[in-house]
Structure formats: C-alpha cells, structure tokens
Amino acid sequence: YSSCAIRASRCSRLSMQVDVNFAPPSFPSSTQPIALSRVHSVTRASVAMGEADVARVVQQVEELLVSGFERGVPALQREAHQADGFLPIASLLHYSPLGPAVWPFGGVGVVADCLRARGSMVVELSGDGSAVRKMPLRVQLRNQLEFLFSDNNYHRDLHLQLLQDEEGYAPLDQVVRSYAQLSQLVDAARGPAARRAALVREAVSSSAELVLQGEEEGGRHDGGGKAPIGGQLRRMTLLEKICTQVEWYLTRRDVAGDGFLMEQLSDPDGWVPISTLCAFPRMRKLCHPQLAAVAHVLSHSPRLQVSDDKSSVRASRQPARSP
C-alpha cells in the first residue's frame with residue numbers, strides 16, 4: 001500500500017499542477033457567525049442578536065462598500081476622500097439601507113460589534129470602531145491567501161495540498177489561477193499585468209502567516225497576456241509566527257505611540273520581559289506561555305537579542321515587517 005500510495009500521490013500532484021481549471025470550494029465571505037448580546041445605545045435595554053442578524057449586518061456592509069454605494073452620495077464621497085477612504089458608520093446608517101437592519105439593536109456600535117465578532121475579508125474597521133472602508137486590494141489578496149492556508153481550510157483542501165512540493169511550497173502563480181476569487185481580485189487591479197503580479201507578491205510578503213520564496217519573474221507573459229507571478233509560498237510554522245510577531249512588537253516604527261509597550265521599554269537597555277510579551281493578545285492566540293521555549297525560539301531571530309538568563313528580549317537594529 002505504501003509504495004503504491006506514494007506513486008499515486010506524485011502522479012496526482014503533477015496532473016493537478018497542470019489542471020488549473022479545477023474548481024475548489026469557494027472562500028467564505030467571512031468567518032462563522034456569532035450571536036451577540038448588547039445594550040441598545042438609545043433605549044438602554046438589553047437586546048440579543050442572533051447569528052442571522054449578525055450575518056445580515058456584515059453582509060449588507062460588504063455589499064454597500066463593494067458596490068461603491070458612496071459614489072452616488074456626494075456627502076459620503078466627500079467624507080471618504082477626506083479620511084483615506086473610511087466612511088463614518090453614522091453617515092452610512094443615515095444615507096444607506098443599512099439603517100433599518102441596525103436600528104432595532106442600537107447604532108454605530110452594532111456595526112462595529114458585528115464586524116469584530118464575525119470578521120470580513122473585504123471590509124476594514126477603523127481602530128476606534130467608528131468608520132469602515134473597503135479593504136485595499138493588497139489586503140484583500142493577503143486575507144484570501146491566508147485563509148487558503150489557514151487551519152479552517154488547509155487540512156480539507158486536497159487541491160491545494162496536491163499543488164505543494166515535499167517542503168510545503170506551492171507555486172504562487174498556480175495558486176492564484178486555481179481559485180476564482182483570487183483571480184478576480186488580481187484582474188480587478190489596475191495597471192499592466194506585471195504590476196498586478198507584483199501586487200500579489202507584495203500581498204504575500206506583508207503576511208505574517210505565509211512565507212514567500214523565489215525571485216520575481218521579470219516581465220514574461222503567457223498567451224493570455226498575463227504576467228506569471230514568480231515565487232512559491234507555504235504556511236508559516238509556529239516558530240516563524242512567534243518570531244515575526246515579537247519582531248513586530250519591538251521594532252515597528254510606531255512603537256513610540258504604544259503607551260503600554262513604551263512603559264515596558266523603560267529599561268535603559270531596551271529589555272522587555274518575555275512573560276510580558278506572552279501575555280499580549282496576539283501571543284496568547286499563538287502559543288502557551290512556555291517562557292523557556294519562547295526564549296529559545298526568539299534566540300534564533302537575527303532581529304532580536306535574548307538576555308543571558310533567557311527572561312527578556314530586545315530588538316536589534318534591523319526593521320521587521322508588519323504581521
């Protein structure tokens with residue numbers, strides 16, 4: 001069985017790499033819906049939002065922003081232009097059909113709570129939860145690719161696994177062409193084909209979930225007028241995710257604006273307790289607070305320096321990419 005299975009697997013992988021017309025399952029527009037309990041912002045009464053209610057709000061926001069609804073409303077268009085494309089949720093409720101779906105449960109906070117709970121691959125919520133915008137294409141591409149390789153999809157996606165080699169790398173060009181939603185996003189990008197290919201590579205390079213390997217193929221085109229997207233990508237290991245996250249915490253340019261982190265950096269030599277970093281929300285999602293193991297992982301990063309007693313870490317001089 002073993003030798004036959006290996007031979008069959010290799011043959012299948014080769015055939016799947018050629019057949020890019022295979023249609024794997026579509027991406028979900030967002031994560032699984034979650035019911036919410038909240039206090040109405042006007043009546044102050046407790047209200048419950050079922051899964052269908054949460055899904056309806058997120059879906060309507062997505063449809064409004066994807067359709068470019070604001071372009072038909074001068075007031076919204078001016079606000080979007082003045083705020084990097086962000087639209088105040090209050091204005092969106094006032095000018096769009098979204099209001100009737102939201103008012104029974106409250107106001108602006110309803111939209112923010114629904115987007116935080118359910119998530120969206122096309123809508124970006126502002127940091128203070130007061131505004132939304134359609135995600136830039138680069139971010140949409142990155143989100144779609146990260147979902148593709150996430151635990152929610154990867155372990156059941158036979159097509160994707162057949163595209164991978166023994167080290168887990170899959171041809172980036174093959175992945176994009178195999179999934180309709182990825183192809184549509186790339187086709188929606190403006191500019192020459194080579195620029196669209198560069199956009200995909202940029203999206204992968206900015207990911208904290210994926211590893212990109214290989215150089216860009218310079219300007220060659222296939223028969224359909226599309227520039228091939230050079231390189232291969234794979235899922236990032238847990239060790240790589242931990243290093244990337246801590247590198248971002250300690251070497252990002254806007255660290256001075258993070259009051260809590262600046263307090264931890266008050267040490268004159270820049271040391272931060274690893275226990276403090278492991279208590280951060282993103283780190284708690286990544287791993288257990290196994291401090292000795294985390295210290296061992298961080299010691300292998302060229303952008304970080306671990307103290308001799310393995311209790312603290314600080315940044316070296318090299319900048320890190322955002323996760």
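Me: Strands here are DSSP runs of E with at least two residues, numbered from the N terminus, and two of them pair if DSSP finds at least two bridges between them; in which sense do strand 7 and strand 8 pair?
Reply: This is a predicted model, in which local features need pLDDT of at least 70, side-chain atom pairs count only at pLDDT 80 or more, and totals for chains, interfaces and linings use all residues. Residues are numbered from 1 along each chain as its sequence is written, and side-chain values use heavy atoms, with hydrogens and water left out. Strand 7, residues 210–213, meets strand 8 over four bridges, and the sense is antiparallel.

Me: Which residue of strand 8 stands opposite L212?
Reply: Strand 8 covers residues 232–235 and is also joined by two bridges to strand 6, residues 170–171, running antiparallel to it. The bridge partner of A170 in strand 8 is L233, and the residue opposite L212 is likewise L233.

Me: Why is the pair of F149 and Y154 stacked?
Reply: Rings of Phe, Tyr and Trp (its six-membered ring) pair if their centres lie within 6.5 Å, and planes under 30 degrees apart count as stacked, over 60 as edge-to-face and the rest as tilted. The centres of F149 and Y154 are 6.5 Å apart, and the pair is stacked because the planes stand at 20 degrees.

Me: How far from the ring centre of Y154 is the charged end of R235?
Reply: A charge sits over a ring if NZ of Lys or CZ of Arg is within 6 Å of the ring centre and within 35 degrees of the ring normal. The charged end of R235 sits over the ring of Y154, and its distance from the centre is 4.4 Å.

Conventions. Two strands pair if DSSP finds at least two bridges between them.
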